[in-house]
Amino acid sequence: MSFEPTDAGPGRATAEPGGPQVAELVLVRHGESVGNVADDDARRRGAGRLELDTRDPDTPLSERGERQAQVLARHVATGEADAPEVVLSSPYARAASTAHVVASAVGLDPVLDERLRERDLGILDGLTGVGIRETLPDEAERRARLGKFYYRPPGGESWTDVALRVRHVVRDLAQVYPDRRVWVFTHQAVIMSFRLVLEGLDEQSLLDVDRNEPLGNCSLTRYRRRDGASLELVSFADTRHLDVSAVESTREPTPEPAVERGSA
């Protein structure tokens, strides 16, 4: 099965009233990755660079991340009133691995879509805030001046670039999977971009959510179709399935002002 985009041109991210729409959209952040662990370690040590020997697309789940995915798979197989009917995933290893574990629990195969990949940090990839300020002070100053939302690192993407990808995905979901329960396995910046697109958030509102409501690994952000063809937020960053398990939940650290994360 493939996820083919429609021929429609750019337009509204949500379907027109009375038009097609998915019945439910669940956004899942991948399980804890080796990159998340390296990022936490670098921050604790005050290091400038993450100790990683993989490309960002190839960074795997940590052992704890694998256990988180298994907990979510059991929850989906036994605790979900309405199991997913379609599973889509970022092709990045940490998201695709999480998706495969969960989808297999309900007899599905994930459909990979490169538009769901994590934000490309370009020249900043693998650097902590300390590293950016030490090695790329001009970029640190430029980002502080432009702000997190609009800043595009050399060779990378801004949050608005990611949002453009997401707008096309949302439009295509409504056309390709109307009335279906769709689960999407992806990354922190992508999930935040879905919130921007689906809820019409402005820059400040989005950054406030990002700052104040940490997005846990293997968390669920759920939308359901309401009147017409609109999708309404039901829950954000829900980790109750992990909280009642023996596996520790892990969350995105509070963002430092005017710096970037090394790997998400």
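How many bridges join strand 2 to strand 3? Two bridges join strand 2 to strand 3 (residues 111-112), and these strands run parallel; strands are DSSP E runs of at least two residues, helices H or I runs of at least four, both numbered from the N terminus, and two strands pair if DSSP finds at least two bridges between them. The bridge partner of Leu88 in strand 3 is Val111. Between strand 2 and strand 3 the chain passes through helix 3 (residues 93-104), and this β-α-β crossover is right-handed, that is, clockwise from the first strand over the helix to the second when the strands point away from the viewer.

This is a predicted model, in which local features need pLDDT of at least 70 and side-chain atom pairs count only at pLDDT 80 or more, while totals for chains, interfaces and linings use all residues. Residues are numbered from 1 along each chain as its sequence is written, and side-chain values use heavy atoms, with hydrogens and water left out.

Strand 2 (residues 86-89) also pairs with strand 4 (residues 181-186), in the parallel sense over four bridges. Here Ser89 has Phe185 as its bridge partner. Val86 and Leu88 point one way from strand 2, Val87 and Ser89 the other, and all are buried (under 20% relative accessible area with a 1.4 Å probe, protein chains only; exposed is over 50%, partly exposed in between).

Leu88 is also among the residues with the most contacts inside the largest nonpolar core, which has 32 residues. Such a core is a set of buried Ala, Val, Leu, Ile, Met, Phe, Trp, Tyr and Cys residues joined through side-chain atoms within 4.5 Å. Strand 2 and strand 4 are among the elements that each supply at least two residues of this core.
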